[in-house]
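Subject: Handover of a structure and the findings on it

Dear colleague,

Please find below the structure that I am handing over to you. My findings follow directly after it.

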Amino acid sequence: MSAIANDPNLKHLTKAREQIAKGDLKNAALTLNKANAQWPQDPRVFMLGGLLAEKAGNIKGAFEALRKSVSLAPDWGPGLLELALLLARQNQFKEAVETAEKVALIEPSNLQVLAGVVDIAHRAGHSEMAIRHLRRGLELVPGDVMLRRLLARDLSELGQHEESLALWGALVDENPQDPQSLVGRVQACIAAGKPTDADKDAAALLKLAPGDAVYQYYAQVTRGETPAQQPAELMRPLFDGMAEFYDMHMVRSLKYQLPKQVADKILARHPDKKINVLDLGCGTGLLGVCLGRLDGALIGVDLSMKMVEQAARHNVYDRFHTVNLHDALRETPDGLYQVIAALDVFIYAGDLTEAIPNAFRVLAADGVLIFSCETAPEAGPDLVLLPAGRYAHKLSHIQSICKAAGFDAVEVEETVLRHENHLPVQGFVVTAHKPV
C-alpha cells in the first residue's frame, strides 16, 4: 500500500489508460505529458504512449514508444507483452513469438500474460506453441473451461484428434446444453473424418435453436450428407477472425501464389488494363494488389466485412459488395465484365451448377472466367466435403458445367494450390472463355 501511495505517476497513468480506452486520445496525450514531466524515465508512460500511438494510427510511433519502454525496463512483463502483441498485430511474427516466450519465462504464473502469449501463437499460426502454453495454463487453473476449449481446438487443428475429442467429450458431459462444447465436438468429429459420430450433438444443437442455419448445416453433415453450400453465418465469423493476418498466413505460411499467377495471366491478355474485373471472394485483396489500378472497374465481393476493410487499404478496388458469391452473380446484370476471378473461394461455395452459368451470363463477349478448385477423385461424387470443412470438385464435372453454360474453350491447369501442415494441396485452375 505504501508503494502505491508513493507512486508519483499512478494517478496520471490510471487516468491516461481510461482516456485511451474511451478514444479520448488528445486528453490522454496531455495526461501522459504530465506523467512524463513527473518521472521522465517511467517505462509505463512509454508503454501507454505506444498504445495511444497505435490507436491513433501511428504505428512507427507505437513501436518507438514500446521499444523505449522495454529499453528502460528490459525484464518488465507488461511492456514486453505489449511490444509482442503489437509485433503480432503487424504480422512481424518471428520477433513477436521470441518476445512472447521471453515474457512467459519472466511471468510464468500471470494469466493475463498467458492469454496474450496464446493469442500471439494463434496469430502466428504456431499451434504447437499455443498448445504448450495452454497446457501450462491448465496447470495454473485446472479445469478452466475456456483453456480446455482452446486446447481442444488446437489439438484438432494439428490432427491430434483422439485427445481433442476426449477434451470435448468431458466438456459436453459436464454441461450437455452448452452450445460451444457441442459445436466444438461436432467440428472435431468432422475434422477427424468421423462426422456421423456427432449426429446426437447436432440434434441437440437443433433442439436448442431449430432455425439456426449453422446447426442445420451440421445436422446434414453428421447425417452423412453433403450440403450444397455452407451458410454465410458459418463462414463470415471465420474470415472476420482471420482478416488481420490472412495475407501473411496465406503467402508465407501456405505458399499461396495464385493471385500473382492469375494476375499475370489477366494482364498478358489485357496489357492496356482497359477491363472490368469482378473478384469473387476477394478477401484481403491479394489479386487486386497484383493487378494494380485498372483503366476500368475492379469490384470485390466478399462475405467478410473485416476482409473487405483490409482489401480497401490497397486503394485499387473501386467498390465492394459484402454478400455471398452466389447472390452476387445471381443479381448482377448481363455482360458487365471482361474478367471474373474466383480464387480459393469455390472451395467454400459448394455446388457450382448455378454459379458458373451465372458467371457466363455476367461476362461480356470474349470474356474469361478464371477460378480454382480443390481436386475430388474422379471415381467419386461430383462434390466432396473434406474434413477440413472445404469442398473439393471433380474436374470432369466442372468441365461439363462450363461446356453446358456455353463456354467454348475450357483450359485446365492442375497445380498445387497451397500448402497445409507442410503438405501440398492439389487442385486445378480453370480458364473458361466466353465466345465473341
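How are α7 and α8 oriented to each other, roughly parallel or roughly antiparallel? Before the answer, a word on the basis of what follows. This is a predicted model, in which local features need pLDDT of at least 70 and side-chain atom pairs count only at pLDDT 80 or more, while totals for chains, interfaces and linings use all residues. Residues are numbered from 1 along each chain as its sequence is written, and side-chain values use heavy atoms, with hydrogens and water left out.

The helix pair α7 and α8

Helix α7 covers residues 93-106 and helix α8 residues 111-123; their axes come within 10 Å and cross at roughly 155°. Axes here are lines fitted to C-alpha atoms, for helices over the stretch in contact, and angles run from 0 to 180 degrees between N-to-C directions. Angles under 35 degrees count as roughly parallel, over 145 as roughly antiparallel, 65 to 115 as roughly perpendicular and the rest as oblique. The two helices, α7 and α8, are therefore roughly antiparallel to each other. Helices (H or I, at least four residues) and strands (E, at least two) are DSSP runs, numbered from the N terminus.

On the α7 side, F93, A96, V97, A100, V103 and A104 meet V113, V117, I120 and R123 of α8; contact means heavy atoms within 4.5 Å. The residues of this contact divide into nine nonpolar, no polar and one charged. In that division, Ala, Val, Leu, Ile, Met, Phe, Trp, Tyr, Cys and Pro count as nonpolar, Asp, Glu, Lys and Arg as charged, and the others, Gly among them, as polar.

The chain as a whole

The secondary structure of the chain comes to 23 helices and nine strands. Its C-alpha trace spans about 80 × 55 × 35 Å along the principal axes. Of the 436 residues in the chain, 49% are buried. Buried means under 20% relative accessible area, exposed over 50%, and partly exposed in between (1.4 Å probe, protein chains only). Among the contacts in the chain with a separation of 6 or more, 57% are between residues 24 or more positions apart.

Strand β5 and its partners

Strand β5 (residues 363-376) has 11 of its 14 residues buried, so it is largely enclosed by the rest of the structure. Two strands are said to pair if DSSP finds at least two bridges between them. With strand β4 (residues 337-342), β5 pairs in the parallel sense over five bridges, and V339 stands opposite V368 in β5. Strand β9 (residues 423-433) runs antiparallel to β5 and is joined to it by seven bridges; here V368 stands opposite H433 in β9. Strand β7 (residues 391-394) runs parallel to β5, with three bridges between them, and T375 has H393 in β7 as its bridge partner.

Strand β9 also pairs with strand β8 (residues 409-420), in the antiparallel sense and over 11 bridges. In this pairing H419 stands opposite P424 in β9. The strands β8 and β9 form a hairpin with two residues between them, and N421 in the turn has a positive phi of about 50°.

Helix α14 (residues 213-222) is mostly covered, with seven of its 10 residues buried. The buried residues of α14 are V214, Y215, Y217, Y218, A219, V221 and T222. Their cover includes α12 (179-191), α13 (199-208), α15 (232-242), β6 (383-385) and β7.

S164 lies in helix α11 (residues 161-174) and is buried, with a relative accessible area of 0%. Not counting residues up to four places away in sequence, S164 touches A152, L155, S156 and A188.

Two loop residues with positive phi

Most residues other than glycine have a negative phi. N315 is not a glycine, yet has a positive phi of about 60°. N315 is placed in the loop between α19 (305-312) and β3 (319-321), and is exposed, with a relative accessible area of 57%. N315 and G285 are 30 residues apart in sequence and 9.6 Å apart in space, C-alpha to C-alpha.

D344 is likewise not a glycine and has a positive phi, of about 55°. D344 lies in the loop between β4 and α21 (346-349) and counts as buried, at 9% relative accessibility.

With kind regards
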